[in-house]
Amino acid sequence: MSTSSTTLNIESTSKRARALDAVRGFAILTMFLSGRVPFGVLPDWMYHAQVPPPLHKFIDTLPGITWVDLVFPFFLFSMGAAIPLALSKRIEEDVPKWKIYFGIFERGLLLVGFAIYDQHIRPYSMNSNPTTITWLTSLLGFVLLFPVLWRMPKTWKPVIQNYVRAAGWIGAILFMVLVRFPETSFNGQFFSLFRSDIIILVLANVAVSGSIVWIFTRSNWYLRFGLLGILLAVRLTHLEPGWIQFFWNGSANWWFRWIGNIYFQQYLFVIIPGTIAGDLILRWMKSPQEKISTEIKSSKSKLIYITLLMFGFILVLLVGLKGRWVEATTIISFSMCALGWWFLSDPKNEMEKLFKNIYTWGAFWLVLGLIFEPYEGGIKKDHPTMSYYFITSGLASFLFIGFSIIIDIFKRKWLNLLVYNGQNPLIAYAGITNLLPPLLALTMLGEFLNWITPTPWLGVLRALFETFLLGYFVSLFTKRKIFLRT
């Protein structure tokens with residue numbers, strides 16, 4: 001391995017965690033991709049591990065994970081890492097605590113509202129065989145999101161912003177009141193609080209609880225680990241008769257379950273590791289700016305090897321755990337952890353220190369997850385096992401490092417599509433069902449793509465192209481500073 005140093009430039013104007021945006025964007029776009037690949041005809045590693053082809057029936061005893069199973073925890077991890085970045089600014093501005101807590105709960109309720117609204121405006125929620133009217137109605141529902149959640153230009157007068165916001169709310173409410181749903185759908189033809197997107201509902205719950213955990217423990221990681229230990233105790237005892245089981249199971253049957261239940265809080269096992277990464281990123285962002293043309297005293301080849309190692313972790317864990325070569329996978333993973341430690345053992349600047357710190361925690365979560373792997377019958381996404389939380393947290397840490405080297409050091413712009421989508425997650429998420437599918441149907445482009453890609457693997461190419469289209473449309477919004485925010 002060459003040890004010659006290579007001069008690489010770091011931007012000096014400001015420090016932004018663009019790699020974190022890329023992780024979030026990667027999660028959203030691969031979520032869309034996983035739903036667009038041909039159903040039932042591809043190898044089992046192209047689908048959720050617990051719902052294998054050809055029937056895709058849920059098998060809760062089937063261990064293993066695939067790339068599809070990484071989508072949700074990667075998004076959760078990036079959400080957790082964003083919590084310190086968002087809240088620390090408000091704390092530093094001396095915003096009253098009650099306003100901070102109010103903002104946290106307001107955001108949670110807006111996310112719950114988004115989960116309910118998004119589920120109602122989906123074309124297949126309105127009609128199992130969508131017509132032109134269905135697609136147009138779905139697009140209208142997508143458009144109505146903007147006056148409600150759009151971050152309007154500061155140059156607009158407050159009274160104009162209030163009128164636009166009110167019009168959006170009125171339009172969204174009328175939409176849900178007037179639109180009818182199939183008789184066989186949940187709660188019949190009418191609007192229901194209980195018809196909601198489960199993924200966003202989980203995110204709403206842990207966004208609130210994760211933010212509160214971070215505020216109380218922002219200067220005391222020992223306390224944060226203590227809360228993680230309490231959560232572990234709850235997670236391990238909820239199957240035993242007693243008050244823990246009563247609240248764990250009972251919350252799913254209470255009336256306010258449309259907001260969420262205690263079961264969702266187990267995803268704090270990913271959010272909390274994310275907050276630790278976020279604290280480290282925040283510390284790096286506050287460190288002194290490095291001068292333009294600062295020399296990074298690491299060889300270019302070494303940085304490439306580190307990047308390949310970070311992505312290699314993901315490949316090894318996916319192949320090994322899906323194939324159930326657990327012992328060999330564990331030995332290889334531990335060896336890779338040692339190699340990564342050697343690569344990152346002598347940081348020369350603040351960015352390399354960030355990589356070392358996040359890598360150390362990522363390796364810890366990975367090792368912890370591998371130790372938990374035999375528990376609960378092996379790693380599974382559904383129902384999520386302890387090994388699933390910690391292994392995916394480790395892999396998300398490594399993905400951040402790999403993306404950061406590519407984006408922040410090598411200045412490669414081919415990941416910008418992920419960054420733009422990660423900076424605009426609500427538009428990207430709503431676009432999965434309410435932007436691209438209607439456009440493909442109304443323009444007949446979808447029918448044409450299906451015609452020219454009749455085989456399973458050509459169908460994968462079609463899914464990749466459609467994923468690119470979604471990412472491109474969302475990037476146009478981002479470039480024009482049009483954001484949806486809760």
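A search of the whole structure turns up 12 salt bridges, each one a side-chain nitrogen of Lys or Arg within 4 Å of a carboxyl oxygen of Asp or Glu. This is a predicted model, where local features need pLDDT of at least 70 and side-chain atom pairs count only at pLDDT 80 or more, while totals for chains, interfaces and linings use all residues. Residues are numbered from 1 along each chain as its sequence is written, and side-chain values use heavy atoms, with hydrogens and water left out.

**Salt bridges**

- D21 and R24 pair up through their side chains, at 3.0 Å from N to O. The two sit 3 residues apart in helix α1, so about one helical turn separates them. (Helices are DSSP runs of H or I with at least four residues, strands are runs of E with at least two, and both are numbered from the N terminus.)
- D21 is buried at 10% relative accessible area, and R24 is buried at 11%. Here buried means under 20% relative accessible area, exposed means over 50%, and partly exposed lies in between, using a 1.4 Å probe and protein chains only.
- D279 and R224 form a salt bridge at 2.8 Å, N to O. This pair links distant parts of the chain, with D279 in helix α11 and R224 in helix α9 (residues 221-237), 55 residues apart. Both D279 and R224 are buried.
- K381 and D382 meet at 3.5 Å, N to O. K381 counts as buried at 16% relative accessibility, whereas D382 is partly exposed at 26%.

**Cavities**

- The whole structure holds 3 cavities of 30 Å³ or more. On a 1 Å grid over the protein atoms alone, a cavity is a set of points where a 1.4 Å probe fits but cannot get out, and lining residues have an atom within 4 Å of a point. Grid points are joined across faces, edges and corners, and a volume is the space filled by probe spheres set on the points.
- The second largest cavity has about 40 Å³ of space. Its lining is made up of F77, P273, I276, A277, L280, I358, W361, W365 and S397. Two or more of these residues come from each of α11 (268-286) and α14 (350-372), and α11 has the largest share, with 4 residues.
- By type, this lining has 8 nonpolar residues, 1 polar and no charged. Nonpolar covers Ala, Val, Leu, Ile, Met, Phe, Trp, Tyr, Cys and Pro, charged covers Asp, Glu, Lys and Arg, and the others, Gly among them, are polar.

**The second largest pocket**

- About 1,400 Å³ of space lies in this pocket; a pocket is an open set of grid points with protein on both sides within 12 Å along at least five of seven lines.
- Its lining numbers 44 residues, with M31, G35, R36, I432 and T433 nearest the centre. Helix α1 (residues 18-36) contributes the most, 5 residues.
- The lining divides into 28 nonpolar, 8 polar and 8 charged residues.

**Nonpolar surface patch**

- L445, F448, W451, I452, F465, F468 and Y472 make up a nonpolar patch with about 710 Å² of accessible area together. Patch residues have over 30% relative accessible area and no salt bridge; nonpolar side chains (Val, Leu, Ile, Met, Phe, Trp, Tyr) are joined within 5 Å, and like charges within 9 Å. Areas come from the Shrake-Rupley method with a 1.4 Å probe, and for residues only the protein chains shown count as cover.
- α19 (445-452) and α20 (456-479) each supply at least two patch residues, and α19 gives the most, with 4.
- Y472 lies in helix α20 and is partly exposed at 37% relative accessibility.
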